[in-house]
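Work through the exercises below with the model open. Each task is followed by its solution in steps.

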Amino acid sequence: MKKRITVVGGGAWGTALAVQAVRAGEDVELILRNEELADRINTKGENDLYLPGIELPGALRATTHYEGLRDSDAVLLVTPAQHLRETLIKLSSHWPDQLPAVICCKGIEKETGALMAQVVSETLGNVPVAVLSGPTFAKEVAIGLPAAITLACEDRALGKRLVELIGTPEFRPYFSTDVVGVEVAGAIKNVLAIASGVVAGLKLGDNARAALITRGIAEMSRLAVAMGGRVETMLGLAGLGDLTLTCTGTLSRNYTFGVALGEGRKAQDILAERRSVTEGVHTAASITAVASKYGVEMPICAAVDQVANHNADLRSTINALLQRPFRDELENAD
């Protein structure tokens, strides 16, 4: 029997997930803020702003109205992380008590240091929550290329139902109960992808990038465990898988932002040219406070924050990282 899925957020990833939900055989509605874009999606079958050139299925309906939430079986939340709270406040009066919220955005709220599940809880109350994360570029998912992701939910029965709801042979969700770990990994990998892009932009070499990814996993793992997540999650799709993709793939907004920084451009100039949000910049701004709260040292993430948000000199910042004292690899602190 067909289920109804609502996707909130009409960017590239939201549109790709809506296409995947249709491919999984579900009845799908895509909620956008832009009424003109919604009309074009419905009449032309293309999201020409965020996913140009991809033909969308005729069964996908776009709207700017929230009333359809009342008839949904699950809602995929795909707004930028920094806009999630504002969006959920608008949706809250239409949200049934037991309607599952599936968080598909990655980040830490800049003003509060909250993970997205906490934002959902604070705005919608005690609704069922799951997190969808992993190594996925929107364009590849939209055209049906193979991908695997993590779907995390503390309620195992609900999580399994959600896996069956959106999974297909080409889009394979792997279940986890580690909601915190999956969220932390998804947020921090965006910051590390900026650092990886800087390495590429400065032409520091593949050795440096491999070292950065490995030490980045160490930072990610320390914070995840401190916040209640599991280190094993950092070695799975939501951790190592997503980090590898975004630290090497030129479709990553965070990676290409870092490349531009490494080539000598200013952060504000790069961001001014972009329609889509570069989440790692915002997460870098909040990560220092969060890491301090939990007593976790995260030198790479702190360096990205200094360069991306405080105009620190790039070469001096890198030199400071390279001159840190030598440590045992498996010590808790770098």
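**Exercise 1.** At what angle do H14 and helix H15 pack, and how far apart are their axes?

Solution. The structure is a predicted model, in which local features need pLDDT of at least 70, side-chain atom pairs count only at pLDDT 80 or more, and totals for chains, interfaces and linings use all residues. Residues are numbered from 1 along each chain as its sequence is written, and side-chain values use heavy atoms, with hydrogens and water left out.

Step 1. Locate the elements: helix H15 covers residues 314-322, and helix H14 covers residues 299-310. Helices (H or I, at least four residues) and strands (E, at least two) are DSSP runs, numbered from the N terminus.

Step 2. The packing angle of H14 and H15 is about 170°, and their axes are 10 Å apart. Axes are lines fitted to C-alpha atoms, for helices over the stretch in contact, and angles run from 0 to 180 degrees between N-to-C directions.

Step 3. Angles under 35 degrees count as roughly parallel, over 145 as roughly antiparallel, 65 to 115 as roughly perpendicular and the rest as oblique. H14 and H15 are therefore roughly antiparallel.

Step 4. The crossing of H14 with H15 is right-handed. A crossing is right-handed if the near helix is turned clockwise from the far one by less than a right angle, and left-handed if anticlockwise.

Step 5. H14 contributes Pro299, Ile300, Ala303 and Val307 to the contact, and H15 contributes Leu314, Thr317 and Leu321. Contact means heavy atoms within 4.5 Å. By class, six residues of the contact of H14 with H15 are nonpolar, one is polar and none is charged. Here Ala, Val, Leu, Ile, Met, Phe, Trp, Tyr, Cys and Pro count as nonpolar, Asp, Glu, Lys and Arg as charged, and the others, Gly among them, as polar.

**Exercise 2.** Describe how helix H7 packs against H14 and against H10.

Step 1. Helix H7 spans residues 179-201, and its axis comes within 9 Å of that of H14, crossing at roughly 70°. H7 and H14 are therefore roughly perpendicular, and their crossing is left-handed.

Step 2. From H7 the contact takes Ile188, Val191, Leu192, Ile194 and Ala195; from H14 it takes Ile300, Cys301 and Val304. The contact of H7 with H14 holds eight nonpolar residues, with no polar and no charged ones.

Step 3. For H7 and H10 the angle is about 25° and the axes are 9 Å apart. This pair is therefore roughly parallel, and H7 and H10 cross in a right-handed sense.

Step 4. Residues of this contact include Lys189 and Ala193 of H7, and Asp242 and Thr246 of H10. The contact of H7 with H10 divides into seven nonpolar, four polar and two charged residues.

**Exercise 3.** Is Thr246 buried or exposed, and what does its side chain reach?

Step 1. Thr246 belongs to helix H10, residues 237-248. Its relative accessibility is 4%, so Thr246 counts as buried. The cut-offs are under 20% relative accessible area for buried, over 50% for exposed and partly exposed in between (1.4 Å probe, protein chains only).

Step 2. The Thr246 side chain reaches the backbone oxygen of Asp242 at 2.9 Å.

Step 3. Beyond four places in sequence, Thr246 contacts Lys189, Ala193, Ser252 and Tyr255.

**Exercise 4.** Which residues does Glu279 touch beyond four places in sequence?

Step 1. Glu279 is in helix H13, residues 279-293, and is buried at a relative accessible area of 7%.

Step 2. Glu279 touches Pro80, Ala81, Gln82, Lys106, Asn190 and Asn254, with residues up to four places away not counted.

Step 3. A polar atom of the Glu279 side chain lies 2.6 Å from the backbone nitrogen of Ala81.

**Exercise 5.** What is the phi of Lys203, and where is Asn311?

Step 1. Most residues other than glycine have a negative phi.

Step 2. Lys203, which is not a glycine, has a positive phi of about 55°. Lys203 sits in the loop between H7 and helix H8 (206-226) and counts as exposed at 71% relative accessibility.

Step 3. Asn311 is in the loop between H14 and H15. The phi of Asn311 is also positive, near 55°.

Key: A polar contact is a pair of N or O atoms within 3.5 Å; within protein, one must be able to donate a hydrogen and the other to accept it, and residues adjacent in sequence count only if both atoms are side-chain atoms.
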